[in-house]
Amino acid sequence: MRAGKTLSLRDDSGVVSYVPGDLTLTVRAGTPLSEIERVTGEHDQWLPLDPYGSSDGTIGATLATASAGPLASSFGLPRDLLLGLEFVNGRGDVVRGGGKVVKNVAGFDLSRLLTGSWGTLGVITEVTLRLYALPATDRTFVIALSGSEKEISSLVRAVVSSPLTPFALQLLNPPAARALGLGGEPVCLIRFGGNDAVVRAQVSALSQVARSQEVESAVWTRLRQLDGKAHTTIRVVSMPQRFLAASARILGDDVPGIYTCIDPRRGILRIIVGADDRATEEDSPGMLGSADFARDGSESSEVIFEKLPSEAWPSVSPSVVRDALSQGIKRAYDPHNILNPGILGD
Amino acid sequence: MTQATPAPIQARSSPAQSAVAGHLADIVGERHVLSRPSELLVYNSDGLPGYRRQPRLAVFPGTREETISVVRLLAAEGLPFVPRGAGTGLSGGALADDIVVIGLHRLKKIISLDVENRRATVEPGVVNLRLNKHVAQYGLLYAPDPSSEAACTIGGNVAENAGGPHCLKYGVTLNHVLAMTVLLPSGEVVELGSRVGERDGYDLRGAFIGSEGCFGLALDITVKLTPKPQAVRTLLADFTSVDKAAHATSAIIASGIVPAALEFMDGPTIRVVEDSIYAAGYPRDAEAILLIELDGLDAGVSADLEEVRRICLDGGARNVKVARDDAERMKLWQGRKKAFGAMGRLAPHLIVQDAVIPRTRLPEILETIRTISEKYGVVVCNVFHAGDGNLHPNIAYSADDPAESERVHKAMTAIMRACIDAGGSITGEHGVGLDKMGYMEAIFSGSSLNAMCELRSVFDPERRSNPGKVVPVHACKEWHAVPGARLRTAATSEADSPEPRPLEAEPSHPSAT
């Protein structure tokens, strides 16, 4: 079944309450991330949530899809930043879960339940989020990963296993690096934030491990938009160490138009296919080492299609809500099956 | 078959009950089933002494398989039960009112430890501190650190979504649990979440954490471990007024620095701790102290430490002392972590509150609490997670004195009302249990409570797991219509038991039945 109508929440937007001293923000769900960035930025605060795509996206959509980006490895997933929400279930009841304070265990956790439910259990209308102070210093560096697989591997391990505590760390294959103007080799992109002293100390520690070059922090915005024109985006989730072990091989893939990005601390590999005209259906990810990794049927990896041509969706995307508990929750919250039917392969 | 046990003559025992006890003994062995009222006394309260409920039976499975068999037997008999860990909870949540207690403390294996990927899988009865001691040798820690860490279990922590002082920076149990194998009340076993860390679909893991035993019980839990910080520094700032300390707290939070912990203790608490065996060397004449911990990379911590020290001194701190070494740090922390225990010196009973308020409202609410305590003539000891705005106003009293009990309850109700009016929550980490159930309708609408009931019904359609807790029965629309025929066979159903009123206190000595 497919949805017959789209309910746009774009206009249900704006700040409901914001007391900077509390570091919490309540907004209507249609508020764009860019607006949250602007409002909180005025008080030197931010919502450290940088999902792939554009900042024009709304906070409601970000939570409904549980979308996260490079900052998630240090600030947590959307579910970790969400304090409470209001939604309308499939019977039209207005329901609230959680609250507006930073710590709360009152009642069963409807906020987590709705996060990542893709609008199938309710229409999220308002959310309360945890904010952080903007770091006094925020610097980004790029490390070229040249040499043999072994050399790359040991360099990556040295950076990832060091006591550094970067805000974000991504490994990119050559096409992705080229698309971001970072040269033609695989690279490690690393972002340090905090007070001046802690950033200075980390930059100095990094220089002991690898040669790096500072780049504009706008590179992160471009990275988030890499899959803007993508045909297909696949996310592979696995144990961090498996990615570390395989990173050199995965980063060796150099097929134009196929970008691979690894977040080795979070255990995430993203494969972006067809963002470039030169990539065709024949360059399907199945041909690549990275996708072999994705498909190796080991118990610990999971393949998630973030973006697929709509015609491919039903045949490729497995149902993730077929278990009895998920089905029961869906029936309870949306008895008439009117909320985004079919989107989760249900 | 254990009918052969020389079963004691029991006033209340019925043939059906001894048959169930016998079947349970077949599964776990006779010595792991308790049915004598005198033996069951130990299980009639949790860490909050105001509530007593006498269980009918207690059963202690020793393995995962035994646990499954026990729950399946109870499911077949239609009997309600309460899962219980170490019984350190502070909401009356693990009490069983004339029904079966399933104690999970014997399930205490650390099943696996993956140092490289920083994950551990443990059985529910593993004690929080034991896991931490076990992983410390690898430079790792399990971040949630409830004050009861030396006794409380990971299974209980999951049920309550437990917090602790260091949750300010590191987050609560929810943020550190990746996956669980859950035994539903029907006896079915399901996997929730992903050991890898992230998966698509509904976050059933998130729904289960903090479900207070109402959704079933966890057979194993996979947690995320955190590398030990390079540097840890602990400060003690002392103030001559509560108000100054409260303002300093708000100022630290507003500065954007995220301390690992930011704890507040007021004068009465300081003095009761200093009088006890947990004396930490706090200044007795202070009206408030802040215990502040900063951690992370050395350079960053030193810079933040100077900033925090400056904020405290600017805010009127009389003195700011930095612990010189680990021994001194541990001593400062011990006083804080054992404060509830120390209050046992004051009176036989203690009411512990757990409200959360927006952090900018702290000075105002603490002043309100002072006014309320004067009005009702009670002594409030404030010891709490100030950085999170998570208050623990405690009142030591004797439940045997009806007049005093009445004043204490009125004061606590007034305090809770003030916190709710400030936009807060009724519980930050202790859970609703029995204790806060009467306040649920003050913060959630009927449709929100009903949505919670519906969620519970998916996990536990017969409402047999920890019945009568968290959401008041009358808030659940469909529960009136479908009373659940099988529940009628239970020893006592939640529908039959009177709902406790908020902050109900009961006689300190359970009746001899």
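Predicted model: local features only at pLDDT ≥ 70, side-chain atom pairs only at ≥ 80, totals over all residues.

Residues are numbered from 1 along each chain as its sequence is written, while chains are lettered from A and ligands numbered from 1 in the order in which they are written.

Let's start with chain A, which is divided into domain 1 (15-133) and domain 2 (137-310); bounds like these come from an automatic or database domain assignment. Taken over C-alpha atoms, the centres of these two domains of chain A are 27 Å apart. Their contact takes 10 residues from domain 1 of chain A and 11 residues from domain 2 of chain A, with two residues counted as in contact if their C-beta atoms, placed from the backbone, lie within 7 Å. On the domain 1 side of chain A, the touching residues split into 4 nonpolar, 5 polar and 1 charged. Here Ala, Val, Leu, Ile, Met, Phe, Trp, Tyr, Cys and Pro count as nonpolar, Asp, Glu, Lys and Arg as charged, and the others, Gly among them, as polar.

Chain B is assigned domain 1 (110-227), domain 2 (229-340) and domain 3 (346-443). In chain B, 8 residues of domain 1 are in contact with 9 residues of domain 3, and that side of domain 1 of chain B holds 5 nonpolar, 1 polar and 2 charged residues.

Now for where the chains meet: 69 residues of chain B and 57 residues of chain A take part. On the chain B side, α16(B) gives the most, with 9 residues (helices are DSSP runs of H or I, at least four residues, numbered from the N terminus). That side of chain B divides into 28 nonpolar, 29 polar and 12 charged residues.

How many of the 12 residues of α10(A) are buried? The count is 9, so α10(A) is largely enclosed by the rest of the structure. Buried means that 20 or more other C-beta atoms lie within 10 Å of a residue's own, with C-beta atoms placed from the backbone. Among the buried ones are A:F243, A:L244 and A:I250.

Finally, B:I289: leaving aside neighbours within four places in sequence, B:I289 is in contact with residues including B:L236, B:M265 and B:Y282.

Note on methods. Helix = DSSP H or I, 4+ residues; strand = E, 2+ residues; numbered from the N terminus.
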